[in-house]
Each structure stands twice: as structure tokens, then as C-alpha cells.
Amino acid sequence: MDLIVNLDLQLFTDINDFARATPWLHLPMLILSTYALVVYAVLWVGAWWIARQQASPRAMAAVVWAPIGLLVASAVSAPIGAAVGEQRPCRALPHIEVIGKCGKSSSFPSDHAVAAGAVVVGLLLVTRRLLAWIGVIAALLIAFSRLYLGVHYPHDTLAGLALGAAVSLVGWLVVRVVLTRITVGLSNTPLRPLFTTAPARTRAATPATTTSA
């Protein structure tokens, strides 16, 4: 256990030294961390567009689940953080490079990382195309930014990523059938353009019966 703690602290120190040596990167990392939800919203719109073009009820159901999964993961994370009550490195460690606000909530797990893990799973459930991998990279960079800014330890971020991904995936496995049915149902209402670009099916006209004279 001591070895793991030491490795964790050493990794944090190395990242903090990197932050100290790269002042030109401070603002981009701070912006990425501060506006993480904006990044996720843009990715979600992209996923919605792809699912809509695919005309796949399952993919659209995954789009619907993605923000719900993020909220559920955050709700699961909150009591864990309150129970652990770990002090953030920016408050516990003197003389480190701290960029931006330190924050007063528990360091473990990282809320940003929890959201990042949930977003990664949500995107990959919808598509394996370029957008998903852009989202994966963006989410991992957002999680890394919390280390770079000096407000979380590596174990906070890794635990957050794992928790967010696990909650989102398990939740999807539980609700996917119901959400897919709901999506199919809504696709047969005036809301159809929000769910698919495929034309609505029309009943084939019944051929007229011919009678011989």
C-alpha cells in the first residue's frame, strides 16, 4: 500500500513539475477544465446527429441515455466523496503549482473524471466513428487537466474514470430495452424528425379487387 501511495504521489509531483515548466499551457488547461460541460454538450449533439442519420433506435436510445448516465454517475459519486472526505492536494501540499481555484469538495473521486468516464461510454455506445475517439481524447484530457491544475491526485482521477464508466455502462445494460422501445414509440409521433431522418413507413395500399363481367 505504501508503494502505491508513493507512486501516486510521485506521479502527481511529476505532473505538477510539468505544469510548472509549461506556463503557456495553463490557460488552455484551465479553459478545458472550466468548460468541460460545454465540450460534452457539443459531443452529445454530434452523437445525436450521427444516431439520427443512422436511423437506429438503439443508437438513439444510447444518445438519450448518455446525459442521464452522466447525471446518475455524478449522483453515485457525491456520497462517496462525502464519505471519504479526502483533502485536495492544492490544500494538503505546500509549495505546489496550483492553477485556478482549488475547490473545497472532497478530492476523491474527481467529479470531472467521473463525468469523463460516463461521457466516454456514452459516445462509444452510439458510434465507433471519429467523433467517438475525439470524445475519448477530449474526456481524457479533461481528466488530466485536473492533475495538471493541481486539484486532484492521480488515484482520484483514475477512480473517477472507472466509476463514471462503470455506472454508465451498467445503467445502459439495465435500461437499454426500455429506452429503445420508448425511442421507437416517439419516432412514430410528430417528434420523429428529432429521432431519425428515415421517412415514416406508410401502409401499402390494398389493391382493388377486380371482378369479371
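This is a short tour of a predicted model, one selection at a time.

**Stop 1: the disulfide**

Select Cys90 and Cys102. These two cysteines form a disulfide, with their sulfur atoms 1.9 Å apart. The structure holds 1 disulfide. A bond of this kind is covalent and joins the sulfur atoms of two cysteines. Where do the two residues sit? Cys90 is in helix 5 (residues 89-92), and Cys102 is in the loop between helix 5 and helix 6, so the pair ties together parts 12 residues apart in sequence. Now look along the S-S bond of Cys90 and Cys102. The torsion there is about 75°, so this disulfide is right-handed. Are Cys90 and Cys102 buried or exposed? Cys90 is buried, and Cys102 is buried too.

**Stop 2: the faces of helix 2**

Select residues 26-34, which make up helix 2. Colour His26, Met29 and Ser33: these are the buried residues of the helix. Turn the view until you look down the axis of helix 2. The buried residues fall within an arc of 75°, so they line one face of the helix. Next, pick Leu27 and Thr34. Both are exposed, on the other side of helix 2.

**Stop 3: a cluster of rings**

Show the side chains of Phe18, Phe144 and Tyr148. Ring pairs link these residues into a cluster. The structure holds 4 aromatic pairs. One of them is Phe18 with Tyr148, an edge-to-face pair with 5.9 Å from centre to centre and 75° between the planes. This pair links distant parts of the chain: Phe18 is in helix 1 (residues 2-21) and Tyr148 in helix 7 (residues 130-148), 130 residues apart. Then move to Phe144 and Tyr148. Their ring centres are 6.3 Å apart and their planes meet at 50°, so the pair is tilted. Phe144 and Tyr148 are 4 residues apart in helix 7, about one helical turn. Tyr148 is buried, with a relative accessible area of 0%. Phe18 is partly exposed at 39%, and Phe144 is partly exposed at 27%.

**Stop 4: the second largest pocket**

Select Tyr40, Trp44, Ala66, Pro67 and Val119. Of the 13 residues lining the second largest pocket, these are the closest to its centre. The pocket holds about 160 Å³ of space. Which helix gives the most to its lining? Helix 3 does, with 6 residues. Helix 3 (36-54), helix 4 (57-84) and helix 6 (111-126) each supply at least two. By class, the lining has 12 nonpolar residues, 1 polar residue and no charged ones.

Terms used
Residues are numbered from 1 along each chain as its sequence is written. This is a predicted model: local features need pLDDT of at least 70, side-chain atom pairs count only at pLDDT 80 or more; totals for chains, interfaces and linings use all residues. Side-chain values use heavy atoms; hydrogens and water are left out. On a 1 Å grid over the protein atoms alone, a cavity is a set of points where a 1.4 Å probe fits but cannot get out, and a pocket is an open set with protein on both sides within 12 Å along at least five of seven lines; lining residues have an atom within 4 Å of a point. Grid points are joined across faces, edges and corners, and a volume is the space filled by probe spheres set on the points. Ala, Val, Leu, Ile, Met, Phe, Trp, Tyr, Cys and Pro count as nonpolar, Asp, Glu, Lys and Arg as charged, and the others, Gly among them, as polar. Buried means under 20% relative accessible area, exposed over 50%, partly exposed in between (1.4 Å probe, protein chains only). The arc is that of the directions from the helix axis to the C-beta atoms. A disulfide is a pair of cysteine sulfur atoms within 2.5 Å. Rings of Phe, Tyr and Trp (its six-membered ring) pair if their centres lie within 6.5 Å; planes under 30 degrees apart count as stacked, over 60 as edge-to-face and the rest as tilted.
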